[in-house]
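Student: I would like to know where the labels used for a structure come from. Please go through a few of them with me.

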Amino acid sequence: MNVTVHGPADGDPLWFVMGWGNTPDQPAVGWLLDALADAGFRTRAVEIPTNVRRFEREYLDPLAAAVDDGPPADSVLSHSTGGLIAAHAIDAGVLPERAVHLSPWWGLHPSQRILFRVLGHLPTGRELVSVEPDRETLGELAEPSARDPIGLAPSFVREIRRAQSSLPAAGDDEVAFCTLTDGLVGVDAIGERLPADRVRLYDGGHECFASPGRTEVVADAVAALRDGPGVLR
């Protein structure tokens with residue numbers, strides 16, 4: 001689990017648990033980190049492993065160790081798989097309770113359910129199914145050509161399903177941003193975990209920071225990081 005630091009040295013500390021396959025050098029992620037820096041945050045961006053054999057050992061424990069080594073923060077940002085990790089980390093007291101989740105992967109997309117059920121029965125940690133993101137799914141401003149295909153391992157699939165099935169209840173300071181046409185996460189799970197007044201909808205792909213309206217969306221996310229859920233009402 002790699003952590004990189006972005007933004008002014010005197011900025012407000014912020015943890016950002018990135019999504020599956022995201023890295024700071026991807027153009028859309030870099031744009032988001034620059035926007036957070038302009039907003040006055042000193043962001044610690046957490047790059048997560050793409051395939052794990054144990055959710056706690058390879059996601060939660062390394063994140064807790066990284067947070068222990070960093071400065072205290074008042075809020076956390078997450079994206080996709082990072083939103084699943086962050087939800088459990090907040091419940092464990094590792095991350096602050098004020099959280100903004102971008103397209104959190106709290107439930108499977110309908111297109112994933114049969115594949116994950118089949119893969120989850122295979123007793124291996126080898127990557128078996130290649131996943132290659134595209135601009136239509138991620139967002140119009142994404143650059144899929146800069147990303148290598150990533151393989152799905154059955155062990156990862158099992159751990160994601162287990163973490164989703166044991167998802168803790170949301171705290172009062174958690175909000176989510178999502179698009180109803182998301183092709184990678186189950187938006188029904190977002191609606192089940194959070195009331196409507198703590199969900200901000202946008203038009204675009206899975207990555208709001210790669211979608212045409214990203215400037216406005218991220219401005220709203222920054223406001224929620226600063227002032228909490230009330231700014232969305």
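Tutor: What follows sets values against definitions.
This is a predicted model, in which local features need pLDDT of at least 70 and side-chain atom pairs count only at pLDDT 80 or more, while totals for chains, interfaces and linings use all residues. Residues are numbered from 1 along each chain as its sequence is written, and side-chain values use heavy atoms, with hydrogens and water left out.

Student: What makes C178 buried?

Tutor: Buried means under 20% relative accessible area, exposed over 50%, and partly exposed in between, with a 1.4 Å probe and protein chains only. C178 has 2%, so C178 is buried. C208 also counts as buried, at 2%.

Student: Why are α2 and α6 called roughly perpendicular?

Tutor: Angles of 65 to 115 degrees count as roughly perpendicular, under 35 as roughly parallel, over 145 as roughly antiparallel, and the rest as oblique. α2 and α6 pack at about 65°, with axes 10 Å apart, and are therefore roughly perpendicular.

Student: Which residues meet where α2 and α6 pack?

Tutor: Contact means heavy atoms within 4.5 Å. F55, E56 and Y59 in α2 meet F156, E159, R162 and A163 in α6. By class, this contact has 4 nonpolar, no polar and 3 charged residues.

Note on methods: Axes fitted to C-alpha atoms, helices over the stretch in contact; angles between N-to-C directions. Helix = DSSP H or I, 4+ residues; strand = E, 2+ residues; numbered from the N terminus. Nonpolar A, V, L, I, M, F, W, Y, C, P; charged D, E, K, R; others polar.
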